[in-house]
Amino acid sequence: MRLSGTLAAAGLALMPAVALADGHGKMAVLETYADIAHAGYEDSLITARALQQAVDALVADPTEASLAAARESWIAARVPYQQTEVFRFGNAVVDDWEGKVNAWPLDEGLIDYVDGGLYGAESDENPIFTANVIANKSLKVNGEAVDASVITKTLIADVLHEAEEVEANVATGYHAIEFLLWGQDLNGSGPGAGNRPASDFSIADCTNGNCDRRAAYLKVATDLLIDDLQEMVALWDENGPARKGLVTGNPEAGITTMLTGMGSLSYGELAGERIKLGLMLHDPEEEHDCFSDNTHYSHFYNQVGITNVYLGTYKRIDGSVVSGPSLSDLVAGRDSAVDTEMKEKLGAARSAMQAMVDRAKTVEAYDQMIGEGNAEGNAVIETVVQSLTTQTRSIERAVAALGLGQIAFEGSDSLDNPQAVFQ
């Protein structure tokens with residue numbers, strides 16, 4: 001897989017610094033931000049539709065080739081979507097929606113068969129830990145009998161997703177689809193991803209039982225992902241409420257939203273919950289794309305998304321570029337040194353991410369890098385954490401340069417209170 005639109009650290013420093021007047025300038029920056037959001041979600045929808053076609057082809061003719069094609073389509077769909085995660089945190093409309101499409105980690109035994117020896121037979125926290133809806137046409141959720149004879153969008157979205165008020169009951173979105181395409185990764189911190197056979201979807205030559213229901217679940221989950229992405233595209237279109245709320249409201253509040261998303265993704269979410277926690281625990285279950293071993297790219301494209309928002313530019317999947325007045329322009333107009341620092345730190349974090357990607361492509365997967373006793377791999381990941389933390393400090397200085405006061409970024413015990421992780 002090739003990385004498209006990668007900007008070298010030197011390139012970041014060459015972006016123009018145009019001082020913008022506070023009022024109209026901030027509104028122009030917010031328009032660019034909304035344009036990038038709309039384009040990113042639209043690209044996510046386009047690639048999800050390609051995934052849908054690949055899933056339909058897999059279900060119609062389950063071969064190792066059609067399964068490989070569906071997996072490649074899933075990986076391609078992650079590229080634009082992961083760049084949109086920077087729109088979380090500050091935008092309530094995105095936060096309220098995001099759990100439907102990208103929730104993780106998940107108790108996969110809710111959905112399908114698992115290796116009981118590694119997965120376990122029960123959980124004190126999750127009463128439907130091994131419900132296996134694919135194998136069971138009836139089950140109990142919240143003490144009530146549920147008819148699961150037909151796998152529908154309503155069943156997986158409204159009944160199973162976050163059932164029993166357990167966040168790990170993830171029944172929808174990218175990671176449910178990922179699990180169905182790859183199956184469990186039973187390799188721990190050893191080499192190899194999930195290895196589900198294509199025959200798991202075959203009616204004529206079924207393996208592991210219930211292949212018709214497994215195929216149905218995969219199709220329904222993919223169709224539901226399309227529905228959810230269509231909703232978000234509409235929210236950011238020309239008259240969408242997400243866009244309107246930003247560009248017709250208080251400009252300073254809108255700029256605060258942008259920086260909140262950047263800082264929270266950089267620090268608490270990415271550096272903390274998605275990376276440092278797994279590194280501290282040396283736990284492959286804490287990697288983001290844990291079934292496919294695609295985590296290095298997911299993290300990389302989160303960083304690309306942060307950079308997109310600051311520089312006011314986004315390279316679309318068709319090669320076209322959406323760009324306009326940016327946060328960088330605003331910050332440079334107030335303090336050019338802070339803007340230069342910000343670009344340098346974005347570039348340094350991107351370089352650290354690139355080193356992680358390069359290692360994943362040539363040496364070992366992400367779950368091996370965070371494994372216990374792997375000093376060299378651990379160091380690569382720790383450099384990513386430190387670069388993201390340093391980047392966040394620069395985002396804080398950009399906030400100060402713009403006179404926005406204190407902004408509360410998302411935190412993480414793994415960064416702020418490491419001892420709590422082991423209690």
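**Close-up 1. The disulfide of this predicted model.** Searching the whole structure turns up 1 disulfide, and the structure shown here and in the views below is a predicted model. The partners are Cys-206 and Cys-211, whose sulfur atoms lie 2.0 Å apart. If you look along the S-S bond, you will find an angle of 85° about it, which gives the link of Cys-206 and Cys-211 a right-handed sense. The two partners can also be described by their accessibility. Cys-206 is partly exposed, since its relative accessibility is 34%, whereas Cys-211, at a relative accessible area of 2%, is buried.

**Close-up 2. Helix 3 beside helix 4.** Two packed helices are described by the angle between their axes and the distance between those axes. Here, helix 3 covers residues 64–83 and helix 4 covers residues 92–102; their axes come within 13 Å and cross at roughly 165°. The angle is over 145 degrees, so helix 3 and helix 4 are roughly antiparallel to each other. Their crossing is left-handed. On the helix 3 side, the contact is made by Arg-78, Tyr-81 and Gln-82, and on the helix 4 side by Trp-97, Glu-98, Val-101 and Asn-102. Sorted by class, this contact of helix 3 with helix 4 comprises 3 nonpolar, 2 polar and 2 charged residues.

Close-up 3. Most peptide bonds are trans. The bond that joins Trp-104 and Pro-105, however, is cis, with omega at about -15°. To place this view, look for Pro-105 in the loop between helix 4 and helix 5, the latter being residues 116–119.

**Close-up 4. Helix 13 packed with helix 15.** Here helix 13 (residues 336–362) packs with helix 15 (residues 375–401) at an angle of about 160°, and the axes are 9 Å apart. With that angle, helix 13 is roughly antiparallel to helix 15. The crossing of this pair, helix 13 and helix 15, is left-handed. What classes of residue make up the contact of helix 13 with helix 15? The contact has 16 nonpolar residues, together with 6 polar and 5 charged ones.

Close-up 5. Most residues other than glycine have a negative phi. His-282 is not a glycine, yet its phi is positive, at about 50°. You will find His-282 in the loop that runs between helix 10 (251–281) and helix 11 (295–311). Asp-293, also not a glycine, has a positive phi of about 55°, and Asp-293 likewise sits in the loop between helix 10 and helix 11. Are these residues buried or partly exposed? His-282 counts as partly exposed because its relative accessibility is 24%, while Asp-293 counts as buried at 12%.

**Close-up 6. Ser-320 in the loop between strand 3 and strand 4.** Ser-320 belongs to the loop linking strand 3 (313–315) and strand 4 (321–323). With a relative accessibility of 32%, Ser-320 counts as partly exposed. Which residues does Ser-320 contact, once neighbours within four places in sequence are set aside? They are Tyr-314 and Lys-315.

Note on methods:
Residues are numbered from 1 along each chain as its sequence is written. This is a predicted model: local features need pLDDT of at least 70, side-chain atom pairs count only at pLDDT 80 or more; totals for chains, interfaces and linings use all residues. Side-chain values use heavy atoms; hydrogens and water are left out. Axes are lines fitted to C-alpha atoms, for helices over the stretch in contact, and angles run from 0 to 180 degrees between N-to-C directions. Helices (H or I, at least four residues) and strands (E, at least two) are DSSP runs, numbered from the N terminus. Angles under 35 degrees count as roughly parallel, over 145 as roughly antiparallel, 65 to 115 as roughly perpendicular and the rest as oblique. A crossing is left-handed if the near helix is turned anticlockwise from the far one by less than a right angle, and right-handed if clockwise. Contact means heavy atoms within 4.5 Å. Ala, Val, Leu, Ile, Met, Phe, Trp, Tyr, Cys and Pro count as nonpolar, Asp, Glu, Lys and Arg as charged, and the others, Gly among them, as polar. A disulfide is a pair of cysteine sulfur atoms within 2.5 Å. Buried means under 20% relative accessible area, exposed over 50%, partly exposed in between (1.4 Å probe, protein chains only).
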